[in-house]
Amino acid sequence: MALSCMRCPAAAAVRRAAGPQPPPPPSSVAFSFARCGGGVRSAAATAAGWRIDAVAGKGGGRLFFSGLAAFWDSVLSALFSSPCSLGNSGDTVVKGPMDTGVENTATTSAPPKVENGTPSAITIEEFEDLASLSKDDEASVSITIVGASGDLAKKKIFPALFALYYEDCLPKHFSIFGYARSKMTDAELRDMVSKTLTCRIDKRENCSEKMEEFLKRCFYHSGQYDSETDFMELGKKIKEHEGSRVSNRLFYLSIPPNIFLDVVKCASRSASSENGWTRVIVEKPFGRDSESSAALTRGLKQYLVEDQIFRIDHYLGKELVENLSVLRFSNLVFEPLWSRQYIRNVQLIFSEDFGTEGRGGYFDSYGIIRDIMQNHLLQILALFAMETPISLEAEDIRNEKVKVLRSMKPLQLEDVVIGQYKSHTKGCITYPGYTDDKTVPKGSLAPTFAAAALFINNARWDGVPFLMKAGKALHTKQAEIRVQFRHVPGNLYKGAFGTDLDRATNELVIRVQPDEAIYLKINNKIPGLGMRLDRSNLNLHYAARYSKEIPDAYERLLLDAIEGERRLFIRSDELDAAWELFTPLLKELEQKRTAPELYPYGSRGPVGAHYLAAKYNVRWGDLSSED
């Protein structure tokens, strides 16, 4: 049976049975978990034609239905006793004014014949889900950070949660639990966390008060990562704070990947929610190759379903990365140019101006290709190159990303350059080489730099080189996307640029970090009586254009996980496709024990990277004098 909203005599009976109802709020939108006090239309509610009012309030929004629980009882009673049972399948239908013209897409039963408008049907289960939202104000969210004593938790996760709290983006009833093997009291955890909390530059008022309120919601539980008993005790502690409210629980695994499965097993059996949702955020690395990644996925799915697993890649939460699809799909000037017809090459560049500096043990077992290229840069490439999704829903976007990854040409060793930084003295300062790090094995061949040329075998991108470059201990710290357009055919002004036609090409630069910006390089005439040309930037500099501080990527991704928004998280088939691309290359490098090309600490990287670019008639855009 399906329920529909439709004009019929039962509607009046429902209203009379329910009695006078409180007026709806001024702004009515379909309910989706209110983001920072605002509401948006959810796909399910939109398709169903139901309207639910969201009232902005502290902690992420208060639900307001036109009626209370008794009202819904009255609705159901009137529906099942009304004379409006129509159609061959026995569907009971009620129609509201907002449903005119809404198609019946949410039920498979035969559409009933109606006189006033088209019914908008939803299933019983969907109706109950919507009705249950009236109780969401009484739901609690408990966030457990597993590995709470580690650097990631202290430097990123706790500060991000505080920023969300400061912006009133967290639910009204929330608690944060730290879990680790270290012995610590609640007070000691709060003292540790307080040292890393900061307030927004543009919102400093009541900062200390907000910190105190936030820290009161932080608790600690010490336990082993493979102990169901310890997790059971954690579950009891969480339950004490949840009380009788609906229990929603989020676990953030800020721990080494070799203990992921132990924690997931114990948490799912002993500390998961009994009447709400349970979700788990998993930090990279997601394995070392196709086999280990698949084994990890199989292990996680012994205790969780795919929708409970949130594989986080914090680069997908960067402001400029999220703006990538907006730039392309909402500006007519860009989308027609986004193909092999106009784009000569695309460069994805990541560089750090520091080395491993004590983290060599972890880094040496993965290297720069696994650490940066296989996840961060490849995810950005997929977002950049994907076809227009049919909607902004998570699955539609991720489907298009998977198509890109599966269309990519297998990586060849001759299209890859690897390097490793060596000691270098500049002035009076000597910078250590990679193997000088005491945490790095002597004679290590792990690459700290890699450049690769990738190709997508589809109609849009056939023949366009996508050049990736990532490295440590380079001359600058930055992450950017560079789109170099083709030369102007028969350029009337090519004489003004001499033989260097690359100077005359347009280039779109999306600087992800630092100093976020989007700028387009164009040619224009220098003012004066002569005909002299200049290359200038049309520049959207975020710091100059927007006064608001840009949120950290972890803030956006944590909020998405709480809301159940999966668009910026990695699906298992995405992960499989990414590893299928890089695993053969990684195995070949390791089997042949390919020696990396050495480059000085603080330089622009190995010379081989320039030869790789030149092989495809490309210059690295970040090395030009203009930049």
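**Close-up 1. Buried residues of helix α11 in a predicted model.** Helix α11 spans residues 319-329, and its buried residues are L320, V321, E322, N323, L324, L327 and R328. Buried means under 20% relative accessible area, exposed means over 50%, and partly exposed lies in between (1.4 Å probe, protein chains only). Helices (H or I, at least four residues) and strands (E, at least two) are DSSP runs numbered from the N terminus. The buried residues of α11 pack against α13 (367-385), α15 (542-545) and α16 (553-563), as well as β18 (478-485), β19 (507-513) and β20 (517-525). The model is predicted: local features need pLDDT of at least 70 and side-chain atom pairs count only at pLDDT 80 or more, while totals for chains, interfaces and linings use all residues. Residues are numbered from 1 along each chain as its sequence is written, and side-chain values use heavy atoms, with hydrogens and water left out.

**Close-up 2. Helix α18 and its cover.** In α18 (residues 608-615), the residues G608, A609, L612 and A613 are buried. These residues lie on the same side of α18 because they cover an arc of only 140° around the axis; the arc is that of the directions from the helix axis to the C-beta atoms. Their cover includes β13 (416-422), β16 (449-454), β17 (466-471) and β22 (597-600). Just after α18, N617 has a positive phi of about 60°.

**Close-up 3. Surroundings of Q347.** Q347 is found in strand β12 (residues 343-351) and counts as buried, at 0% relative accessibility. Its side chain makes a polar contact of 3.2 Å with the side chain of N345 and reaches the backbone nitrogen of G621 at 2.9 Å. A polar contact is a pair of N or O atoms within 3.5 Å; within protein, one must be able to donate a hydrogen and the other to accept it, and residues adjacent in sequence count only if both atoms are side-chain atoms. Not counting residues up to four places away in sequence, Q347 touches (heavy atoms within 4.5 Å) residues including L467, E480, R482, V618 and W620.
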